Amino acid sequence: MINMIRALAVALIACGIGLLVSSLIRGYTTWTNNESIPCIMGKSFKLLDGVWAPRNIYLNVVVERGEADIKLYSNGKFLREWNNTNGFIERLQITERGHSYLLIKMIKADRNCTVSAKISFYGMERDLLTHAVFILIIGIILYILSMVKERRVALIAILIFFVLSIRPVYSVPVWMKPGTYAVYTANSFMSIMFVNGTIIQGDWKSYLMWKCINISGSQATLLVNFTLVNSSGKIVLSVMDYVRVNLNNRKVYYKGKEIGMTAMFLWPIPHKYEEVNLTRVYEKNIKGKVEKTNVMFIPGYGHQKAVSVRYNYTVVGFFNNHNYTLQGEGVSVLYDTDTGILLCGELDLEPLFIVAGVNTMTGNHVTLKKTNVDIGPSDMATEIYFLAMKILFVAIVIAPIVIAIYILRRKRSH
Amino acid sequence: MSKILDLLRLEYDLTWRYLTLGMVYALIFIAYTASLNVTTGILTLYGGSIVYLQDVASSYMYSFFLLIGLSSYIYSKSIASQISNGLIKTILCYPISRRRLLITKLVTNYLVFLPSGILPELYLQFLYGVDMKVFIALILVFAVKLLFSSTLAILFSVILREPLMSLIGSMLTLYTFEIAPGFLWSIHAEKIAKMLSLNYLIVVLYRALSSPNFLKTIMELDALATVLFSIVFPCIFFLSSLFLFEKMDLD
């Protein structure tokens with residue numbers, strides 16, 4: 001019996017190692033496919049229909065002699081869409097193995113219109129890795145059980161360990177704990193639109209502070225303080241209130257009603273070129289695109305690596321009893337790559353402003369002033385680069401003086 | 001019954017070590033899953049089973065090449081090595097007839113080997129959920145291939161009685177059988193190639209399992225000779241081994 005358990009354990013460990021190695025081998029192979037199909041105006045059809053492996057994909061779609069609305073569905077979920085397009089090139093990540101396809105609807109089409117799609121899969125298959133680790137763990141536990149003399153005690157100990165270690169799992173920011181806080185400031189010319197649509201303009205200084213009071217499951221209660229100071233230093237507006245935030249999906253609830261989705265953090269941290277639902281205030285949904293990774297200097301925290309998310313928005317309100325449009329074109333916000341917390345950027349639409357009755361703040365360039373979230377050490381490469389630049393600058397300034405003094409002293413001695 | 005179980009256990013303890021067992025399972029798992037190209041991208045839904053099957057049939061080669069080497073090693077260790085070092089005489093003192101001993105060796109090693117092919121197949125079935133008939137066809141072909149290589153390896157071990165020689169002999173013969181269909185296709189001897197190709201049997205079995213009349217489909221696909229070849233030849237190999245082993249002078 002013991003030998004059989006041990007043999008089973010060895011077989012499981014072997015299969016786990018085998019799966020791990022084969023997932024590495026498979027990760028190095030790039031799988032490419034081309035599909036081309038003639039299309040008819042107004043008709044919808046599917047391309048690249050099948051079970052997609054959970055890997056990174058490079059998608060190149062060309063609509064020849066026409067325009068189409070293209071949607072990507074992955075594992076039954078809507079993933080991306082491209083409207084009125086005649087082609088695009090995108091890099092995406094498929095997270096789950098499942099039935100996926102491109103749904104194409106022709107808007108404009110010539111007689112000889114065709115849609116062709118080239119897709120390349122590259123990188124590791126995530127599910128294989130997870131399964132390999134799982135099989136390995138089971139194999140190792142079985143092997144330990146077959147080795148230990150007091151098998152029954154060991155089995156009970158393992159079971160107790162698993163029962164105790166099982167916790168409800170939420171995809172929530174790991175750093176969000178009761179007591180966590182962040183303070184942001186902005187000082188610039190702003191147009192502020194209130195919830196009722198009234199717009200005021202001027203030089204303002206804004207303070208936004210949130211502090212996590214309590215966490216229950218994936219729901220966090222935040223205390224929000226929003227203060228607005230005018231150019232003469234007088235506090236115009238200062239409100240403090242509680243909101244609830246669902247840490248799974250960043251939805252914000254105020255006085256029992258959902259008011260939007262916060263942009264104070266992004267979790268999980270988005271990848272480059274990924275499109276994210278950045279923020280939402282009531283029904284106004286803002287999507288952003290992750291453009292690049294920057295290194296930002298944050299006073300007190302040094303040089304931090306950050307992902308830049310660019311977005312556009314337009315809102316209409318009333319200024320001096322006339323319709324007035326506030327818009328942001330290509331504005332960006334930057335998030336820490338370790339924690340996903342907002343570091344700086346133009347935070348114009350944010351549901352936390354609602355506690356103060358503010359809907360939009362155009363030109364609200366915020367900077368992280370203070371936080372107890374560990375956003376990681378300063379980026380050493382950038383630190384060294386700046387130090388080297390400083391030394392070089394000092395050397396360039398001092399060198400002529402030193403050389404001049406040296407020449408003068410030599411002349412005097414002669 | 002307990003005597004048979006004791007013999008099976010003895011054979012397992014003498015031939016298999018945990019490291020050997022782990023190596024065999026891990027290598028076959030790697031060869032099997034790493035070579036399946038179609039599953040690294042898009043597996044089409046319509047006719048996906050056939051696409052998957054064709055991909056498996058073409059990539060099965062790697063697992064079979066490995067299986068040939070591993071089975072040759074195991075049987076040369078189990079039979080030729082025990083004959084050459086005289087251990088088999090001690091086992092025969094149990095007492096047990098020579099015929100029963102050889103059958104026990106075949107059954108034990110076959111049963112330990114078989115899950116090494118079933119496990120990766122079972123995993124891929126869980127992952128892709130392809131047609132169950134694909135799974136059955138693949139398992140049947142793996143079982144037939146394993147039986148073919150096992151009986152041939154036993155025959156070589158009994159004839160040559162020396163572990164290294166029997167390992168080399170059975171490996172070379174099995175590789176010849178494996179590459180022969182490809183060579184025969186290239187010289188347009190398709191009929192003989194089909195008969196010798198056990199990989200072709202994967203598609204044949206799947207089609208036969210999918211159709212209402214199993215035997216009729218096999219006949220229609222000209223695969224009866226392949227099926228007979230895969231059953232008759234292992235029987236011949238094993239009966240010859242039994243005959244030789246019974247007549248053999250172990251001193």
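1. Domain bounds here come from an automatic or database domain assignment. Keep that in mind for what follows. The model itself is predicted. For chain A, the assignment gives domain 1 (2-26 + 126-165), domain 2 (29-122), domain 3 (181-371) and domain 4 (383-414). Note that domain 1 is written as two stretches, 2-26 and 126-165. The C-alpha centres of domain 3 and domain 4 of chain A are 47 Å apart.

2. Next, the interface between the chains. On the chain B side, 27 residues are in contact with 30 residues of chain A. Together the two chains bury about 2,400 Å². Carbon and sulfur atoms carry 69% of that area. The size of an interface is often given as the accessible area lost when the parts come together.

3. Now the largest pocket. Its volume is about 1,200 Å³. The lining has 34 residues, and the closest to the pocket centre are A:Leu79, A:Thr95, A:Glu274, A:Glu275 and A:Val276. Domain 2 and domain 3 of chain A each give at least three residues to this lining.

4. Strand 4 gives the most, with five residues. By class, the lining of the largest pocket has twelve nonpolar, eleven polar and eleven charged residues.

5. The second largest pocket holds about 670 Å³ of space. It has 19 lining residues. Nearest its centre are A:Asn3, A:Met4, A:Ala7, B:Tyr12 and B:Val112. Those names come from both chain A and chain B. Helix 1 (2-27) of chain A gives two or more residues to the lining, and so do helix 1, helix 2 (18-34) and helix 5 of chain B. Helix 1 of chain A gives the most, with six residues. The classes are 15 nonpolar, two polar and two charged.

6. What about enclosed space? The whole structure has four cavities of 30 Å³ or more. The largest cavity has a volume of about 40 Å³. Its lining is B:Leu7, B:Leu10, B:Glu11, B:Leu14, B:Ile91, B:Leu101, B:Thr104 and B:Lys105. Five of these residues are nonpolar, one is polar and two are charged.

7. Which helices of chain B each supply at least two residues of the lining of the largest cavity? Helix 1 (2-15) and helix 5 (98-128) do. Helix 1 of chain B gives the most, with four residues. Both helices also give two or more residues to the lining of the second largest pocket.

8. Last, helix 6 of chain B. This helix covers residues 132-160, so count 29 residues along it. From its first C-alpha to its last, helix 6 reaches 42 Å. That is close to the 42 Å expected at 1.5 Å a residue. What follows helix 6 of chain B? The next residue is B:Arg161, and its phi is positive, near 60°.

Note on methods
Residues numbered from 1 in each chain as written. Chains lettered and ligands numbered in written order. Predicted model: local features only at pLDDT ≥ 70, side-chain atom pairs only at ≥ 80, totals over all residues. Heavy atoms only, no water. 1 Å grid on protein atoms, 1.4 Å probe; cavity = no way out; pocket = protein on both sides within 12 Å on 5 of 7 lines; lining within 4 Å. Points joined across faces, edges and corners; volume = space filled by probe spheres on them. Nonpolar A, V, L, I, M, F, W, Y, C, P; charged D, E, K, R; others polar. Expected span 1.5 Å × (residues − 1). Contact = heavy atoms within 4.5 Å. Buried area = accessible area lost by both parts, 1.4 Å probe.
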